[in-house]
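User: I would like to go through this structure and ask what stands behind each label. Please set the values against the cut-offs.

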Amino acid sequence: MIQSLNPANGKVLRSFDALTPEALNAKLALAASAARSYPKESLDQRVFWMRRLSALLESDTEELAALITAEMGKTLASARAEVQKCAATCRYYADNAARILKPEQIATENTASYVRYDPIGVVLAVMPWNFPLWQVFRFAAPALMAGNVVLLKHAANVPQCALAIEALIRRAGFPRGSFQALLVEARQVETILADDRVAAVTVTGSEAAGRAVAAQAGWLIKKSVLELGGSDPFIVLPSADLDAAITAAVKARCIANGQSCIAAKRFLIHEDVYDEFERRFVEGMAALKIGDPMLDTTDIGPLATSKLADDLGAQVAAAVAAGGRVLTGGGRTSVDGAGFYFQPTVIAGVLRTAAVAREELFGPVALLFRIGSLEEAVALANDTPFGLAASAWTNDDAERERLAEELDCGAVFFNAMVASDPRLPFGGTKKSGYGRELAAEGMREFLNAKTVVVGGPAPAAKPAVVEQPKAEAPPSEFSQLATQLRKFEPNKPKPEPPEQRRIPGGLPPIQFEAAPDRPRFAPIVWDSPPEPRTPPPMAREPEAQQPEPAEPRRIPGGLAPIQFDAPPDRPKFAPIVWDSPPEPRTPAPIVREPEPEPQQAAPVAHDAQPEPQQPQPQPEAAAEEPRRIPGGLAPLVFEAPPDRPRFAPIVWDVPPDPRKLAPIVLDSDPEPVKRPPLVFGDDSQDDDDKPSVSGSILGL
């Protein structure tokens with residue numbers, strides 16, 4: 001018979017029959033079946049279930065906390081904190097399982113070498129009552145995320161907590177059989193562990209329970225992890241913050257009503273601060289309020305069972321017999337005449353050689369020891385068969401370094417009380433057990449670290465890639481030439497951006513955007529005719545240094561050659577030569593617009609109109625939309641060379657009265673170039689009969 005008792009009043013909450021051998025075998029068969037199918041679930045699916053489990057823990061915090069308090073007696077406030085810690089642990093493994101389970105690549109002479117982490121199957125968990133949810137979840141969360149299957153044998157006094165955990169995991173979506181709570185008696189554990197379908201076992205509990213299970217697991221050659229008792233030291237040195245140390249000392253001694261393996265039990269206080277620490281620590285312990293654990297005003301609730309209270313009373317008597325002085329508390333008590341309560345107790349002066357000075361005290365009883373040096377503190381702290389954890393209070397870096405190195409335990413906390421954390425491995429040395437829980441180390445305890453090697457030559461090592469700043473684009477040929485020319489003018493100030501060159505003629509400014517690798521030229525602006533001016537002479541380099549002029553490219557059109565002399569800091573371009581008119585082409589259609597008002601213009605010289613020729617049919621080519629400029633000339637079609645874009649043709653609309661255009665004066669010409677007059681046909685002639693002028697143009 002398995003019974004759930006309320007330690008606050010000793011009343012039975014609920015009773016359960018232990019599983020029969022047939023029922024137990026059925027659960028083992030279900031676990032074995034799940035061990036074959038559950039690992040095939042994707043990691044993303046397991047992460048989803050684990051996050052839902054965390055959410056359920058948070059939403060059901062009040063109900064679960066009340067159940068914990070009812071079955072084992074810790075205060076309701078500490079029970080709520082326990083549930084929240086379980087939810088946080090589920091989230092941690094949901095977030096970090098992929099990183100922990102990722103195969104580890106190892107460089108060898110082979111093509112590939114790595115270690116992968118595979119689940120091992122069914123794991124039996126023997127868990128205690130002092131943290132009925134936390135002790136289970138800190139093992140079950142990483143085990144389930146790794147793909148293992150869990151069988152829980154919980155403490156006999158918390159069966160309802162065991163069933164509540166299984167219900168939560170099933171509600172979260174984990175498959176049937178992946179987690180089962182076994183309501184069995186202690187003697188049935190041997191049968192379960194001996195079953196070949198069980199691959200490993202983990203135990204959290206007393207030294208006696210750990211010995212029994214570990215002995216059988218060793219005989220069966222099955223993996224085991226033990227997290228057992230502790231007699232943790234709490235060391236205070238002269239450099240410590242005494243106020244913070246005393247506050248933490250009272251709390252550290254009374255975790256879960258003093259029923260915690262990592263609770264501080266032996267207080268080693270330096271003689272320089274011992275008297276003040278003793279006085280204030282005793283006051284703090286005596287001020288704790290004993291009462292109903294369901295009330296938020298209660299500091300200390302009952303012990304979990306009546307036997308635990310009796311055993312603790314026997315240890316207090318042994319301490320007094322070994323020279324100890326009871327400074328406060330000292331024995332059992334009750335609330336309203338019932339319950340398994342024990343007074344917060346402080347004992348000083350116990351002989352260090354006494355057995356009780358080295359034992360674990362599982363209740364709110366503290367032993368005080370006076371020390372004279374750091375060496376004495378280390379020796380006394382290590383003088384125990386346990387090695388779970390230690391809390392040391394000092395602000396001296398050298399003392400911290402020595403304590404961290406010389407204390408024989410699984411964890412050392414400086415200026416803080418010992419606590420478990422899912423991000424940090426947890427476990428002890430000596431009779432506190434072996435193996436680790438929590439963090440990546442705890443998850444890998446029940447995984448097969450499988451080595452995988454792919455034979456063959458190792459791939460060539462790739463050279464390390466170092467990010468270099470991106471080099472600037474190389475200068476263009478024009479920029480290089482300009483740089484060379486500037487060497488002959490070392491004292492010349494940096495020129496300002498060029499002014500607009502204005503050429504009379506009346507057209508709006510034309511802006512030429514430079515390509516990314518070309519310099520930007522000054523825009524050409526057409527405005528009203530300025531006063532005639534003589535262009536300044538152009539400074540020329542000696543003829544020996546001038547590059548040979550390029551062969552003129554001839555473009556049909558009939559005009560005299562136009563020579564463009566480049567300034568000193570610009571390259572010289574090939575001249576444009578107009579030859580005799582070619583065979584006329586079919587002109588582009590002339591689009592007329594309403595005739596503008598007649599304008600006064602200078603007379604235009606007329607020459608004989610060339611004889612029209614029959615236009616030869618030309619293949620039609622896609623042309624851009626003509627830009628329309630009033631003026632009366634036939635369409636000018638500029639055919640771009642192969643490496644330049646095609647410009648839209650310029651179309652002259654309704655012809656105005658004939659006028660003489662003002663001469664074009666180029667700044668770069670040393671002397672004005674005389675050009676033949678433009679010849680226009682009779683305005684009465686049909687526009688369709690006008691010959692076209694075609695050619696090509698070299699643009700910058």
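**Labels and the values behind them**

S54 touches A87, C90 and R91, leaving out residues up to four places away in sequence. S54 itself is found in helix α2. The model is a predicted one.

User: Why is S54 called buried?

Analyst: Its relative accessible area is 2%. Buried means under 20%. S54 is therefore buried.

User: What makes α2 and α5 roughly antiparallel?

Analyst: Helix α2 covers residues 43-59 and helix α5 covers residues 134-146. They pack at an angle of about 155 degrees. Angles over 145 count as roughly antiparallel. The pair therefore gets that label: α2 and α5 are roughly antiparallel to each other.

User: How far apart are the axes of α2 and α5, and which residues meet?

Analyst: The axes are 9 Å apart. From α2 come L43, R46, V47, M50, L53 and L57. From α5 come F137, A141, L144, M145 and A146. By class, the residues of this contact are ten nonpolar, no polar and one charged.

User: Is P457 buried or exposed, and how do you know?

Analyst: P457 has 70% relative accessibility. Exposed means over 50%. P457 therefore counts as exposed. Its place is in the loop between β22 (447-454) and α15 (477-486).

User: What does P457 contact, leaving aside its neighbours within four places in sequence?

Analyst: P457 is in contact with E109, N110 and T111. P457 and T111 are 346 residues apart in sequence. Their C-alpha atoms are 5.2 Å apart in space.

User: Why does A322 count as buried?

Analyst: A322 has 12% relative accessibility. The cut-off for buried is under 20%. A322 therefore counts as buried. A322 lies in the loop between α11 and β12 (325-328). Not counting residues up to four places away in sequence, A322 touches G349, V350, L351 and A354. The C-alpha atoms of A322 and A355 are separated by 8.9 Å, and the two are 33 residues apart along the chain.

User: What is noted about the phi of N257 and of N415?

Analyst: N257 has a positive phi of about 60 degrees although it is not a glycine. N415 has a positive phi of about 55 degrees, and N415 is not a glycine either. N257 is in the loop between α9 (242-253) and β11. N415 is in the loop between β19 (412-414) and β20 (429-430).

User: Why do N257 and N415 get the labels they do for accessibility?

Analyst: N257 has a relative accessible area of 2%. Buried means under 20%, so N257 is buried. N415 has 28% relative accessibility.

User: Which residues of α12 are buried, and what do they pack against?

Analyst: L374, A377, V378, L380 and A381 are buried in α12. The buried residues of α12 pack against β10, β11 (264-270), β16 (365-371) and α13 (397-406).

User: How many cavities are there of 30 Å³ or more, and what lines the largest cavity?

Analyst: The count comes to five cavities. The largest cavity has a volume of about 80 Å³. Its lining has 15 residues, and P233, A381, F386, D408 and C409 lie nearest its centre. The elements that give two or more residues to this lining are β10 (232-236), α12 (374-382) and β17 (386-387). By class, the lining of the largest cavity has eight nonpolar, four polar and three charged residues.

User: What makes a space a pocket, when another is a cavity?

Analyst: In a cavity a 1.4 Å probe fits but cannot get out, whereas a pocket is an open set. The second largest pocket has a volume of about 1200 Å³. It is lined by 38 residues, and W129, G205, S206, E207 and A209 are the closest to its centre. α7 (189-194), β8 (198-204), α8 (207-220) and α11 (306-321) each supply at least two residues of that lining. By class, the lining of the second largest pocket has 19 nonpolar, ten polar and nine charged residues.

User: What are the figures for the chain?

Analyst: The chain has 15 helices and 30 strands. Buried residues make up 41% of its 700 residues. Of the contacts with a separation of 6 or more, 70% are between residues 24 or more positions apart.

Conventions
Residues numbered from 1 in each chain as written. Predicted model: local features only at pLDDT ≥ 70, side-chain atom pairs only at ≥ 80, totals over all residues. Heavy atoms only, no water. 1 Å grid on protein atoms, 1.4 Å probe; cavity = no way out; pocket = protein on both sides within 12 Å on 5 of 7 lines; lining within 4 Å. Points joined across faces, edges and corners; volume = space filled by probe spheres on them. Helix = DSSP H or I, 4+ residues; strand = E, 2+ residues; numbered from the N terminus. Nonpolar A, V, L, I, M, F, W, Y, C, P; charged D, E, K, R; others polar. Axes fitted to C-alpha atoms, helices over the stretch in contact; angles between N-to-C directions. Parallel < 35°, antiparallel > 145°, perpendicular 65-115°, else oblique. Contact = heavy atoms within 4.5 Å. Buried < 20%, exposed > 50% of the residue type's maximum accessible area, 1.4 Å probe, protein only.
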